[in-house]
Amino acid sequence: MTASRTTAPVHVVVDIEGTTSATGFITEQLYPYSRKHFAQLLDTRGTEPDVARAAAAVRELIGEPEAGTERIVEALNGWLDRDEKVTPLKTLQGVIWAEGFASGELTSHFYPDAIPALRAWHAAGHTLYVFSSGSVSAQLAWFGHSAEGSLLPLFSGHFDTETAGPKKIASSYDAIAAAVGETDPARFVFLSDLVEELDAAKEAGWRTVGVRRPGEPYYAKGVAGHPETDSFARIDLSGAEPVVR
Ligand SMILES: CSCCC(=O)C(=O)COP(=O)(O)O
Ligand SMILES: [Mg+2]
């Protein structure tokens, strides 16, 4: 059972892939871009802290302490093939994508209802956060380069699997609440396309809304046990509970 809350503004925490943005855009535009640059990144910037930490984590995960660039890239591409949200993969993608966005080679995608709703919630006094498997550096590049310019001023913080923990376990949502300094978990509303993530947030006492957009990979799976919407425009945050109109 979730705790009650007043009608005070809430903390809205959004997932990216399948929620604010199309999975197909990310897998077709961003994933190939990262594949193209993994080897070069490891060879030319391997001593940078983020790159070195991620390479060490890949070696540990594959159980090959001596793995060189070729073997690491093979592991990264295997995870990408299966869209596995492995933290060091996401860290390296974030470093690569940050450069791609900065140079103008990459652009981000948002469903047409997402940006107006984010702006409206921010204007209404709600605080906005991102919790995505995409690294914080990828999130900053993504939200910093929308077709409508930078959306970063709308957000009060960004969380990923390195800073908060895996998205399918409740303690990660507790960690976000602690980082935000919020003691009432019912003041959070988490929006995601993946039911296991919504379940974990709900277990932590958060409110949830399942975002179920036609054409998305998890559409058929559904979001049983959570209010469901196909558009941010239908989410009303003015009452004690998020309502889908
Ligand atoms: C452009 S942000 C990175 C997107 C990404 O790589 C990813 O895995 C997003 O997964 P999510 O947790 O947002 O569904
Ligand atoms: Mg998602």
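Residues are numbered from 1 along each chain as its sequence is written, while chains are lettered from A and ligands numbered from 1 in the order in which they are written.

**How confident is the model?**

- The mean pLDDT of the protein is 95, with 97% of its residues at 70 or more; pLDDT is the predictor's confidence in each residue, from 0 to 100.
- Residues 1–5 have a pLDDT below 50, and beyond near neighbours in sequence this stretch has 14 contacts in the model (a contact means that two C-beta atoms, placed from the backbone, lie within 7 Å).
- Where pLDDT is low, the predicted coordinates should not be read in detail.
- The scores of the model are ipTM 0.97 and pTM 0.93.

**Helices α2 and α3**

- Helices (H or I, at least four residues) and strands (E, at least two) are DSSP runs, numbered from the N terminus; axes are lines fitted to C-alpha atoms, for helices over the stretch in contact, and angles run from 0 to 180 degrees between N-to-C directions.
- From α2 come Ala55, Val58 and Ile62, which meet Ile72, Ala75 and Leu76 of α3.
- This contact of α2 with α3 has six nonpolar, no polar and no charged residues (Ala, Val, Leu, Ile, Met, Phe, Trp, Tyr, Cys and Pro count as nonpolar, Asp, Glu, Lys and Arg as charged, and the others, Gly among them, as polar).

**Helices α4 and α6**

- Helix α4 (residues 87–103) packs on helix α6 (residues 136–144) at about 30 degrees, with axes 7 Å apart.
- That angle makes α4 roughly parallel to α6.
- Among the residues in contact are Trp97 and Phe101 of α4 and Ala138 and Ala141 of α6.
- By class, the contact of α4 with α6 has six nonpolar, four polar and one charged residues.

**Helices α7 and α8**

- The axes of helix α7 (residues 170–180) and helix α8 (residues 195–203) come within 7 Å and cross at roughly 60 degrees.
- α7 and α8 are therefore oblique to each other.
- Ala170, Ser172 and Tyr173 of α7 touch Ala200, Ala201 and Glu203 of α8.

**Two domains**

- Domain 1 (11–21 + 108–244) and domain 2 (25–103) come from the domain assignment of the protein, which is automatic or taken from a database.
- Their centres, taken over C-alpha atoms, are 25 Å apart.
- The contact takes 14 residues from domain 1 and twelve residues from domain 2.

Definitions and conventions: Predicted model: local features only at pLDDT ≥ 70, side-chain atom pairs only at ≥ 80, totals over all residues. Parallel < 35°, antiparallel > 145°, perpendicular 65-115°, else oblique.
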